[in-house]
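Please open the structure in a viewer and keep the selection panel at hand.

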There are 2 protein chains.
Amino acid sequence: MTMTTRDKLAWAAAKLFQEKGFHGVGLNEILASAGLPKGSLYHHFPNGKVDLALEAAAFTHRETTRIIDDAFRDARDFPDGARTLLHKMAKMFEIMGSYTGCPITSILFAGPEYEVFCEKSAEYFECWITQMTAHAERLGCDPVQARVEGEKAFHTLQGGWTLARARRDSDVMRNLAYQTWPETTSVAQATA
Amino acid sequence: MTMTTRDKLAWAAAKLFQEKGFHGVGLNEILASAGLPKGSLYHHFPNGKVDLALEAAAFTHRETTRIIDDAFRDARDFPDGARTLLHKMAKMFEIMGSYTGCPITSILFAGPEYEVFCEKSAEYFECWITQMTAHAERLGCDPVQARVEGEKAFHTLQGGWTLARARRDSDVMRNLAYQTWPETTSVAQATA
DNA sequence: ACAGGTCTAGACCAATCGGTCTAGCCTGCA
DNA sequence: TGCAGGCTAGACCGATTGGTCTAGACCTGT
C-alpha cells in the first residue's frame, strides 16, 4: 500500500463525496480522513475542492470501466455479462457501504454553477454506454440493437443502485439482474 | 395563486434542493427565493432545514403519485401507460429546468447522518412501485409479472432521468420509453 | 556541506452556514 | 377601543466553510 499523497486525497474524497455529495463534505473532513494537512491539498490540487472532485470522479470512472470490461470479457452473451456486471456492482456497493451513491452522480451533480461537472458526468456516462455497446456487438447483437442494450444496461444499473441505496440492500441489484435478463437455455436471447 | 407561506417555503426549497442537493442550498437562498424572512421559516418548521426538506420531499412525492395515476388511468395496457408516464416526466423535467434531479434522491440523499431521510426515500420509492404494480395488475398482468413490471418502470425512470440530467436533454426519456416498451399491434405485450 | 526545489504542516482569513431571539405588525374577538 | 396570539421581520450568534500564506522539513544533485 504505497499510495501517493495525491491518490490518498482523491480516494478519501471519492469515498466521502459518494456518501454525502459534493456540498455535503468539508475540506477539513476529507483532510482528516486522509490524514493530511491543508497545505498538501492545495499543492496537489491548486484549484482546491473542484479539482479534487474532478480527480475523485476520474478515479472512480477508471475503476468502473475496469469492472465493466471484467464482467463482459468472458461472458457467453450480453445478458450473461450484464448479470455478472450487476453482481459485481452489488459487491462493490457492499464494500463501499450501503449509504454510497453512484460515484459520478454523487460527486458531479452539484448544481448549475458547476458546469464542468455536468459536462464530465455526461462524458463518463457516454463512455460507459459506448463500452457496453461494444461488448454487445462483440457478443452477437446487431449494431442498432447493441446500442439499445447498452443503454438499457446503464439505466438498469443507475436505477438499481438508487433503489439499493434507499433500501440499503445490495440484493436489489442482484434480483434486478435476473428480472431484466432472465436466464434461458437459448443462446440468442440478446436480440430476442 | 393563493399559496400559503408554508407552501411557498416548501416549493422554493424543493426547487432549489432538486438542483443542488440538501447540502448545496443555504437557508438564506431559500428564503430569498421565497421572498420571506427567517422568522417565518422557523415558525412553520420548528426543526429548521430538516423539517423543510421533509416537507419539500412530501410535496414532490404527492405530485409524482398524481402524475403516475394520470399516466396509467386511460392506458390500453401497461406499456402504453409506462410510455405516457415517461413522456409526462420528460415534460416535467423541461419545466423544472434541465439541471433538476429526481425530487426524492436530490433532497433525501444527504448522507448517513440523516437516517430519517433514508427511511423516507425508501418509503416513497416503495409507494411508487406498489402504485405502478397495481396499475399493471389492473391492466392484465398476472401478479408476479406485475411487480416485475412495476420495478422495471421505476428503474427506467430513475436511470432515464439521471442520463437526461447529465445530457440536459429531455428526449433521453422519450426515446427510452419506446426502446423499453416498443409499440406493437399486439395487446398481450405486457407479459411477453 | 550546501543550495534549491518539492512537499508538508497548520495558523489564519473573510464569508457563509444553520439556528436563536426579540420587536412589532396585523387580525379577530370582546 | 383594547388586547391577545399568530405570524413576519431581521439583527445577531457561534461554528464551520473554502481558501491563502508562511515556515520549515525533506530530498537530491553538486
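Sorted by class, the lining of the second largest cavity has eight nonpolar, two polar and no charged residues; Ala, Val, Leu, Ile, Met, Phe, Trp, Tyr, Cys and Pro count as nonpolar, Asp, Glu, Lys and Arg as charged, and the others, Gly among them, as polar. This is a predicted model, in which local features need pLDDT of at least 70, side-chain atom pairs count only at pLDDT 80 or more, and totals for chains, interfaces and linings use all residues. Residues are numbered from 1 along each chain as its sequence is written, chains are lettered from A and ligands numbered from 1 in the order in which they are written, and side-chain values use heavy atoms, without hydrogens and water.

Select Thr64(A), Met89(A), Met92(A), Cys102(A), Pro103(A), Trp128(A), Phe154(A), Leu157(A), Gln158(A) and Trp161(A) to display this lining. Two or more of its residues come from each of helix H5 (78-96) and H8 of chain A, helices being DSSP runs (H or I, at least four residues) numbered from the N terminus. H8(A) gives the largest share, four residues. The volume is about 100 Å³.

A cavity is a set of points on a 1 Å grid over the protein atoms alone where a 1.4 Å probe fits but cannot get out, and lining residues have an atom within 4 Å of a point. Grid points are joined across faces, edges and corners, and a volume is the space filled by probe spheres set on the points.

Next, turn to the largest cavity, of about 470 Å³. Among its 30 lining residues, select those closest to the centre: Thr105(A), Ser106(A), Arg165(A), Thr105(B) and Ser106(B). By class, this lining has ten nonpolar, 15 polar and five charged residues.

Terms used: On a 1 Å grid over the protein atoms alone, a cavity is a set of points where a 1.4 Å probe fits but cannot get out, and a pocket is an open set with protein on both sides within 12 Å along at least five of seven lines; lining residues have an atom within 4 Å of a point.
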